[in-house]
Amino acid sequence: MSNQALPRPRFNAPEPEPGSKAALKIEARTTPLLQGKVSEVPDVAFGWAMRLCGLAVVALLGLIVYQLVVGSELSWHAFGWKFFGQSDWNPVSDQYGALPFIYGTVVSSLLALVIAVPLSIGVAVFITEMCPIGLRGILSFTTELLAAIPSVVYGLWAIFVMVPILREYVQPFLARTLGWTGLFSGPPYGIGMLAAGVILAIMIIPIISSITREVLIVVPQHQREAVLALGATRWEMIRMGVLRNARAGIVGAIILGLGRALGETMAVTMVIGNRPEIAKSLFAPGYTMASVLANEFTEATGDLYLSALIEIGLALFFVTIVVNALARLMVWSVTRGQPARSIA
Amino acid sequence: MGVGITVEHLNAFYGKTQALFDVNITALANHATALIGPSGCGKSTFIRCLNRMHETIPEARVDGKVLIGDLSVYNGTSATQLRRRVGMVFQKANPFPTMSIYDNVAAGLKLNGFRNRKQLDEIVQKSLQSAALWDEVKDSLHKKSGASLSGGQQQRLCIARALAVQPEVLLMDEPCSALDPISTGKIEELIFQLKEQYTIVIVTHNMQQAARVAEFTGFFLLGKMIEFDKTEKIFTNPSDKRTEDYVTGRFG
Amino acid sequence: MPDTNPNSAAVSAQQVNIPPISWRRRVTDHVMTGISVLTVLLVLLPLFAIFAYLVYRGIGSINIAFLTQTPKPVGEPGGGMANAIVGSMVILAIASLLGVPLGIGAGIFLSEYGRNRYGDIVRFVSDVLNGVPSIVIGIVAYGLVVMRQKHFSALAGGVALAIMMIPTIARTTEQMLLLVPQAIREAAYGLGVSRWRTTLSITLRTATSGVITGVMLAFARVAGETAPLLFTAFGNQYWNWKTDQPTAALSLQIFTYAISPFDEWHRQAWAGALVLVILIVGAVAAVRIAVRHGTLAGA
């Protein structure tokens with residue numbers, strides 16, 4: 001062994017394994033195969049190509065804003081801010097007021113929230129806190145399945161199944177019991193604001209419950225244990241140890257659901273009745289911003305008509321952006337930046 | 001046959017924090033040089049400066065001169081080109097998980113455009129033999145993935161992968177710290193043999209390993225090179241008191 | 001010294017006060033559990049109802065004729081949605097060709113070149129784009145393509161859907177690439193592999209199954225979209241192989257038939273809906289299964 005020349009260190013290191021040396025065959029170094037100059041150009045080019053892709057995303061947003069603003073200029077110059085305050089929508093006389101659509105969007109979305117929020121939170125709490133482990137995967141999979149159903153299929157089901165049920169059973173029941181409030185008066189058509197609210201609720205439950213679930217999971221286990229150690233029942237533990245901590249995130253999830261409801265088009269268009277009127281009763285037909293776009297965009301004769309519609313699109317865009325940004329801030333503050341999941 | 005490494009007045013920074021202060025070292029060709037010191041003393045940073053891996057961290061900066069042979073590392077060549085002459089083995093074995101054993105070893109060549117199948121076969125075999133792994137994997141070169149081997153085997157795979165590119169210098173950053181004693185012994189044996197063909201710089205926090213394997217040792221403390229000398233002298237009769245304290249186990 | 005004898009009067013006096021409070025709390029606990037179970041049932045109810053109804057109303061109408069014929073004129077029974085099915089595929093192909101490379105490129109940017117302020121801006125904009133209502137995207141595609149070309153087309157529809165795919169794919173690609181350990185990249189750099197080669201052949205290659213998952217999820221999401229196609233592809237009752245004509249799409253056809261007054265068309269709408277849901281749910285389920293077997297080995 002050639003390490004006879006290597007001095008023994010002060011502390012006794014063990015001798016290297018003898019015998020195995022014979023098996024080792026260190027090949028003599030030959031001229032390396034990789035010769036030639038390496039060019040920096042491909043690296044630089046690739047870097048810029050990728051940056052361009054990132055820029056494209058930002059450019060897309062700019063493009064959207066540009067198209068909407070330019071398209072709505074005509075209408076803006078004609079009506080100014082009054083556009084959002086007037087309720088007269090008359091293509092024949094070229095008078096356009098967007099108030100009925102704003103009303104319809106807001107009311108249908110709020111109604112959807114009222115129905116969906118308790119249900120979503122209930123489902124999320126059940127899956128994360130109460131559910132036996134084996135069931136958890138199946139339940140979360142099925143709620144995600146709800147999210148995968150296209151809007152037009154919801155609408156189809158709503159027209160032929162949900163609306164008749166509303167018309168035959170639910171609306172007469174509501175008229176009898178709560179008719180005094182004025183919210184459930186008028187002929188029970190089936191289609192109308194109530195139908196829109198209900199189908200919207202079904203559609204936003206998956207998103208509210210899945211974000212709520214993410215938020216609940218993030219609550220540290222020791223919070224739950226601390227409350228239990230004080231002698232709380234399971235529900236009390238959930239209320240005080242989990243929900244209280246996840247409050248901001250849950251509110252964020254709700255606002256995210258609201259954002260989704262505001263922009264929802266097809267299912268709502270198919271059941272809301274498409275009448276640009278403001279009525280107190282939830283039985284009455286209505287119209288949302290997204291629905292009027294869906295129905296009338298291709299029929300729009302005349303530049304002012306089209307411009308008015310695009311201005312509605314701009315308003316819808318702006319509102320959903322603000323609502324979504326707010327929601328994400330709240331969810332982010334709880335889950336610390338990890339985008340829970342893309343809303344797929 | 002081999003090339004030596006000369007480092008002059010090397011200073012390294014992470015943003016505003018300075019990690020290395022005026023380091024000067026000469027590593028002789030075809031010898032092994034060990035770098036020892038307590039955790040956080042800068043020896044890993046130093047070795048990563050030798051093949052410009054330090055640059056992969058954002059806001060990292062280097063001042064000073066590093067010469068591999070007579071090639072100036074920071075002015076004379078691109079980082080990519082340099083790294084074909086200087087191979088690296090990392091603390092935790094990092095074989096490419098989606099590639100077979102063969103592809104792992106050939107990766108350095110294939111990814112740089114080298115395609116000749118026969119020559120690749122030859123190089124893969126030679127590299128695996130040099131890394132003392134050939135006998136264990138020769139029947140499953142294409143079938144098993146790089147990640148399916150044991151820890152010690154993975155590290156030897158990484159050594160084979162580094163050798164396949166035929167570097168002149170081999171940098172090893174605590175290559176055995178995550179391994180069991182038997183694998184460690186095998187790799188130390190390997191380093192001992194590799195010295196004849198390559199110039200090796202090895203970072204280790206294990207002083208016995210430095211003693212077993214290297215002719216020269218440098219002691220780092222808080223980003224400064226305290227003492228650099230023959231291994232024998234560092235361990236039996238160090239000049240600096242701090243070196244003596246570390247080597248006798250008074251701290252670190 | 002405290003009295004720890006369980007039989008002594010002082011300790012048993014304390015025990016008498018506890019039961020009434022605990023009874024009410026226990027009942028509340030059970031009630032809340034019951035309510036939670038009830039919410040789950042209420043939520044699952046429409047899901048099953050929709051699927052059940054889809055099968056019930058749709059299955060009878062899916063036959064060879066449905067899948068291979070174009071719509072017949074109003075009033076005549078029979079006909080199918082073949083042109084709509086093919087049209088959807090064409091539109092989705094165009095959307096993927098435009099959206100997938102840009103999306104993955106943006107994802108690579110975010111993960112490899114964008115760990116800085118510029119990346120944060122792109123990340124933020126990406127999330128904002130994800131929330132834009134699909135009908136608004138339709139308006140944008142209308143302005144971009146339809147108005148320039150002066151006609152509806154599959155291209156316009158594809159552009160609209162591509163705009164929707166890009167932010168989703170960018171974000172999921174970024175997340176999958178970030179999962180690849182830095183040590184893997186360093187191993188490649190240490191071998192003298194250039195950065196672009198490392199990114200494509202090592203980093204992206206390691207994250208492949210995850211990236212594909214993200215792409216397929218984005219694909220499934222836009223496959224069912226109707227609103228952005230309303231004024232881009234517009235729909236067509238006939239076969240169309242020209243790129244300068246309106247194109248049929250499955251979701252559009254379902255919509256048109258559903259709101260029509262004809263029973264025959266309603267029947268076909270159900271069939272079309274069933275086909276659409278099977279394709280989408282099938283894709284999502286396949287992705288889920290692939291993830292369980294694939295990503296863990298790959299990332």
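Modeller: Two residues are in contact if their C-beta atoms, placed from the backbone, lie within 7 Å. This is a predicted model, and with that cut-off, among contacts in chain C between residues at least 6 apart in sequence, 73% join residues at least 24 apart.

Biologist: What makes up the secondary structure of chain C?

Modeller: Chain C has twelve helices and zero strands, and, read along the sequence, its pattern is accordingly α-α-α-α-α-α-α-α-α-α-α-α. Of its 299 residues, 51% count as buried.

Biologist: What is noted about phi of K150(C), and what about phi of F234(C)?

Modeller: Most residues other than glycine have a negative phi. Phi of K150(C), however, is near 65 degrees, a positive value in a residue other than glycine, and phi of F234(C), also positive and also in a residue other than glycine, is near 75 degrees.

Biologist: How many residues of chain A and of chain C are in contact with each other?

Modeller: On the side of chain A there are 72 residues, in contact with 77 residues of chain C. Helix α2 (residues 41-79) of chain A gives the most to the side that touches chain C, with 19 residues. By class, that side of chain A has 49 nonpolar, 18 polar and five charged residues.

Biologist: In chain B, how do you know which strands stand at the edges of the sheet?

Modeller: The open sheet of four strands in chain B has the order β2-β1-β4-β5, with antiparallel pairing. β2 (17-27) and β5 (71-72) of chain B each have a single partner strand, so one side of each is left without a neighbour in the sheet, and these two stand at the edges.

Biologist: What makes β4 (residues 60-68) of chain B and β5(B) a pair?

Modeller: Two strands pair if there are at least two bridges between them, and two bridges join β4 of chain B to β5(B), so these antiparallel strands count as a pair. The bridge partner of L67(B) in β5(B) is S72(B).

How values were computed: Residues are numbered from 1 along each chain as its sequence is written. Chains are lettered from A and ligands numbered from 1 in the order in which they are written. This is a predicted model: local features need pLDDT of at least 70, side-chain atom pairs count only at pLDDT 80 or more; totals for chains, interfaces and linings use all residues. Ala, Val, Leu, Ile, Met, Phe, Trp, Tyr, Cys and Pro count as nonpolar, Asp, Glu, Lys and Arg as charged, and the others, Gly among them, as polar. A residue is buried if 20 or more other C-beta atoms lie within 10 Å of its own, exposed if 12 or fewer, and partly exposed in between; C-beta atoms are placed from the backbone.
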